[in-house]
Amino acid sequence: MGNIKAMLDPKTIALIGASEEEGSVGRAIMENLLLSETKKVFPVNPHKKSVLGKECFSNVAGIPNHIDLAVIVTPAKIVLSLVEECGRAGVEGIIIISAGFKETGKEGAELEAKIVETKKKYGLRLIGPNCIGVIRPNIGLNTSFMKVNPEKGNIAFISQSGALGAAILDWAVKTHTGFSMFCSLGSMLDVDFGDLIDFLGDDPYTRSIMLYMEGVGNAKKFMSAARGFSRNKPIIIIKPGKFKESAKAAQSHTGAMAGDDQVYDAAFRRAGVIRVQEFSDLFNCAAVLDSRSLPKGRRLAIVTNAGGFGVMATDALIDLGGEPAKLTEKSIEKLSTFLPPYWSKGNPVDILGDADNERYVKTIKVCLEDQGVDGALVIYVPQAIVRPEKAAASVVEIAKKATKPVLAAWVGGEDVEKGKEIFYRHDIPAYETPEEAVKTYLYMYKYYRNLELLYQTPTELSLTEAPPKNHLKALIRRATKEGRNLLFEEEAKDFLKIYGIPVTTPYFVPNVEEALKVACRINYPVVLKIVSPDISHKSDVGGVKVGIKSETELKEEYAQMIKRVKERAPQARITGVTVQKMVENINYEVIMGSKKDKDFGSVILFGMGGVGTEIYKDVSLGLPPLNQTLARRLMEETEVYKVLQGYRGKPPADIKQLEQILVSLSNLIIDFPEIAEMDINPVAVTDGKAYAIDARIIIDQGAIEYIASPQACPTPYPHLVITPYPEKYITLWKLTDDTEVLLRPIKPEDEPLEYEMLSTLSEETLRLRFFSVIKNITHEMLVRFCNIDYEREMAIVAELKEGEKRKIIGIARLIIDHDFKQGEYAVLVHDKFSGKGLGYKLMDVIIGVAQEKGLEEIYGTVLPDNEKMLRLARKMGFTEKRLPDGATRVQIALK
């Protein structure tokens, strides 16, 4: 199998299509490759004996060395045969620079498909085609044809657009901006954003990642990688194309309002990444989001020596969703002891144009000490007594000791440049305008908020908690056999009731005539039972009638209702009527729902409900699974959430109940990948309590067929990009000395327990597990170990409780490759608990997990002197194979 690490840190490189011709791409890349003094470069061209002084080979197979990376720069029509040749030669990875594929039409797309099949056949890794290539200045690698070589740095930039990437490279060279990696992905036939984020997570040269993203590629892989990386290194994304094409085909309010771009926003929030709107924001954020002091709130104190700039900063803050900090009376009293009598007495704090250095220092300190302040912006305009560089040095001294972020705006020309240089030297965010500083502060706050979401690990429902759903699955199958993709309202409401969502139930009336009599008698609405994917609201087509007391008049109106529906939707089926119970004294109406996004699968929607839903479009989206915290955050993103707190004398809604309804909806969507779209609109709140009044479920026929094939669908959650915490693997077990331990999947919050275990292992145990003695157990390592995607990886820990203290005493890990139906395992048991059967048990659990996930084999790599693991493997039926480096590969077939 190809190795992405080998191809991105290659020792040997073959350039296929190498040339000496001036102005050719083959020559430009060859010249860039030869700049490295540590990498062996082999030009390949059947028409040349040598290229730029290097022996030239007619094909890859003729090169005497194993090749880590092949770069192809030939006409598109021969690329397929070259990929085949590289596969046979055992090349680890390929970068295809060549253009002329799907961007040229049908033939090009078919050629790409054949390349993908060949790639899979040999297990190759592949970047491109139609890309610029990869540049890694810190290791001296440049596979591009660009005439520029960026400086070394700690920012990785990954772009789908080659032209845009080229412009960024040119700009970076002129501004002396360094990169740890530059990569142009091109058509993303194989390696995509997720792969590169995974790779950069272990790269010591990379401190943050910037992405230019047109499409996400493999969304599940991206979410998994981004959630792992962004805990300790920020990811900043710019994504153009706020389009709404998919809404045109929607059959529900949720489908119409949950636009593609909003789904990306929801995914980015859940992944802990920040989306920016302008290219300048990319670099601003990359420099500050890894700050140790991120703001914990949106309340910013503004200190300025120019009142006008303070007002401009405040306007920008409010406009972008921030909040000017309200200083306490105590802070105002402190400030009044040293500021002039006519100072502003509030925020922004105008310390006036004659401010000296001491006035700046004292004011900033008072603001940072205020409990109502989350961060401070210091504005300097060159009209003061104090010099810009002296003021900057003082701000740096305060900022380095502060637990809250301090940003600076040094406004002016050459006079303030020395001050800004001082900030840059000490990694203090400094900007040319207050607006830029305010915008960056709010990005920092959003990043902090998004990071909080990463520690939420909603669980799947246990067998004892799970609602009875098999009869609902059968209901869906019956509907599809009847040619329906839309469930009847009462069928949809059955789903809600089973999942504990309160609903209003229509009066049971045996026939139309009786229904009309009941409606007249109690003056309740008559509602037509309409089956049509084209109708979202029955009231829109005259399908609801209220307030007619004469039975004769109502019968006439009933006939008119049917006529109006048929005029608006000729294909609609009317199967009867119901008499709807009235919900009295409705205070608020919200909408909840779900839809399937083409990239990110099922998403959950919450917002303002009722007939004005699509007018106001006050909605927020989130990715399932949800727990109470995530449900609350989803509601907080909307304006209607503020209204639900109580509005114009109306009692507040029961927020906890709404949270629980959202969690129940999430559980329903998790259990039913067969659901394409779903609306609960409105959810009416009366006397503080919520009830679903109308419900609508649209079936995904394609999903039903996909789920029916176990080979095509190896996961119970094909519609989710975030896998729920797998509670089914939690179990109690006893060591051979009767000590009870809890076996369970690892969680992100296990980082301190993992650190304690690793830091108390013997050097010998560390060496046998990690093939070297780890001297420094870093936060980055622990984040990688504890934050996993349960679909791509499983780690089972053995937890021991001693009094109130919990300890991890063993870990078994399985890295899953679904494409090749195999997995790599590793087992680690603490020295103090060795020989008590724990390693055997953990290994057995991992084999069970692998079998459940449909893997055909699992393997591990064991050092020759790790006798305990080799004995365990033999005991469990593993076969052994000695590797060239002396280690032993042990593997077991599961099928």
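**Pocket**

I looked up which helix gives the most to the lining of the second largest pocket, and found α16, with seven residues. This is a predicted model, and I read it as such. The pocket has a volume of about 1300 Å³. Its lining counts 31 residues, and those closest to the centre are Asp-265, Arg-269, Leu-320, Lys-446 and Glu-637. Among the elements that give two or more residues I noted α9 (260-271), β14 (274-276) and α22 (628-636). By class I found ten nonpolar, seven polar and 14 charged residues in the lining.

**Helix α12**

Next I turned to α12 (residues 329-336), where Ser-331, Ile-332 and Leu-335 are buried. They sit on the same side of the helix, because they cover an arc of only 100° around its axis. The face turned away from that buried side carries the exposed residues Glu-329, Lys-330 and Glu-333. For what covers the buried residues, I wrote down β17 (349-350) and α13 (357-369), among others included there.

**Salt bridges**

How many salt bridges does the structure hold? I noted 54. In one of them, Glu-659 pairs with Arg-632, the closest N and O atoms being 2.3 Å apart. Glu-659 is in helix α24 (residues 655-671) and Arg-632 in helix α22, 27 residues apart. Glu-659 counts as buried at 2% relative accessibility, whereas Arg-632 is partly exposed at 24%.

I then checked Lys-689 and Asp-654, whose closest N and O atoms are 2.7 Å apart in their salt bridge. Lys-689 lies in strand β28 and Asp-654 in the loop between α23 and α24, so this pair ties together parts 35 residues apart in sequence.

My last entry is a network of salt bridges linking Lys-119, Arg-125, Asp-190, Asp-192, Asp-195 and Lys-221.

Terms used
Residues numbered from 1 in each chain as written. Predicted model: local features only at pLDDT ≥ 70, side-chain atom pairs only at ≥ 80, totals over all residues. Heavy atoms only, no water. 1 Å grid on protein atoms, 1.4 Å probe; cavity = no way out; pocket = protein on both sides within 12 Å on 5 of 7 lines; lining within 4 Å. Points joined across faces, edges and corners; volume = space filled by probe spheres on them. Helix = DSSP H or I, 4+ residues; strand = E, 2+ residues; numbered from the N terminus. Nonpolar A, V, L, I, M, F, W, Y, C, P; charged D, E, K, R; others polar. Buried < 20%, exposed > 50% of the residue type's maximum accessible area, 1.4 Å probe, protein only. Arc of directions from axis to C-beta. Contact = heavy atoms within 4.5 Å. Salt bridge = Lys/Arg side-chain N within 4 Å of Asp/Glu carboxyl O.
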